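We will go from one selection to the next.

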Amino acid sequence: RAEPFYRKALAAGLAGERRPRAVIQLASTLRNLGRAAEGADILRAELGDGDLADVRAAFLALMLVDSGRPDEAVARALLALARHLPQYRRAVTYYADELLER
């Protein structure tokens, strides 16, 4: 029942910190409804460097696994993790990019 409320709020121009949360929650709702690919598309359009970037990446990875795209799921999770790895950031980013190119 939540899907139409999330969509209405986003269409009305929900902004600030509430917008990315609503996007994540809409995508998660779609995943729970068996529409993981649709949720992944919504999250891909919202990827960025905000406070919730890692949260979006985590939910995107879950949706990609459910959509039969495990390589991309691992790559998205690794890219989010790489930002927190001062010594191995470059290597992990390289391998994640390699997975995305498959």
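Select Leu14. Leu14 lies in the loop between helix 1 and helix 2. Helices (H or I, at least four residues) are DSSP runs, numbered from the N terminus. The scale: buried is under 20% relative accessible area, exposed is over 50%, and partly exposed is in between (1.4 Å probe, protein chains only).

A word on the model before you go on. It is predicted, so local features need pLDDT of at least 70 and side-chain atom pairs count only at pLDDT 80 or more, while totals for chains, interfaces and linings use all residues. Residues are numbered from 1 along each chain as its sequence is written, and side-chain values use heavy atoms, with hydrogens and water left out.

**The core**

Now select Leu26, Leu43 and Met63. In the largest nonpolar core, which has 18 residues, these three touch the most other members. Such a core is a set of buried Ala, Val, Leu, Ile, Met, Phe, Trp, Tyr and Cys residues joined through side-chain atoms within 4.5 Å. Which helices supply this core with at least two residues each? Colour helix 1 (3-11), helix 2 (18-32), helix 3 (36-45) and helix 4 (53-66). Helix 2 gives the largest share, 6 residues.

Stay on Met63. Leaving out residues up to four places away in sequence, Met63 touches Ala27, Ser28, Arg31, Ala36, Gly39, Ala40 and Leu43.

**Helix 2 and helix 3**

Show this pair alone. Helix 2 and helix 3 pack at about 165°, with their axes 7 Å apart. Axes are lines fitted to C-alpha atoms, for helices over the stretch in contact, and angles run from 0 to 180 degrees between N-to-C directions. The two helices are therefore roughly antiparallel, a label for angles over 145 degrees. Helix 2 passes helix 3 in a left-handed crossing: the near helix is turned anticlockwise from the far one by less than a right angle.

Helix 2 brings Val23, Ile24, Leu26, Ala27, Leu30 and Arg31, and helix 3 brings Ala36, Glu38, Gly39, Ile42 and Leu43. By class, this contact has 8 nonpolar, 1 polar and 2 charged residues. Here Ala, Val, Leu, Ile, Met, Phe, Trp, Tyr, Cys and Pro count as nonpolar, Asp, Glu, Lys and Arg as charged, and the others, Gly among them, as polar.

**Helix 3 and helix 4**

The axes of helix 3 and helix 4 are 8 Å apart, at an angle of about 150°. Helix 3 and helix 4 are therefore roughly antiparallel too, and their crossing is left-handed. Pick out Ala36, Gly39, Ala40, Leu43 and Arg44 on helix 3, then Arg56, Phe59, Leu60, Met63, Leu64 and Asp66 on helix 4. This contact has 7 nonpolar, 1 polar and 3 charged residues.

**Helix 4 and helix 5**

Move on to the last pair. The axes of helix 4 and helix 5 come within 8 Å and cross at roughly 165°. Helix 4 passes helix 5 in a left-handed crossing. Asp54, Ala57, Leu60, Ala61, Leu64 and Val65 in helix 4 meet Pro70, Glu72, Ala73, Arg76, Ala77 and Ala80 in helix 5.

Last stop: Val74, in helix 5 (residues 70-82). Val74 is partly exposed, with 42% relative accessible area. From Val74 to Leu62, C-alpha to C-alpha, is 9.4 Å in space and 12 residues in sequence.

Methods: Contact means heavy atoms within 4.5 Å. Angles under 35 degrees count as roughly parallel, over 145 as roughly antiparallel, 65 to 115 as roughly perpendicular and the rest as oblique.
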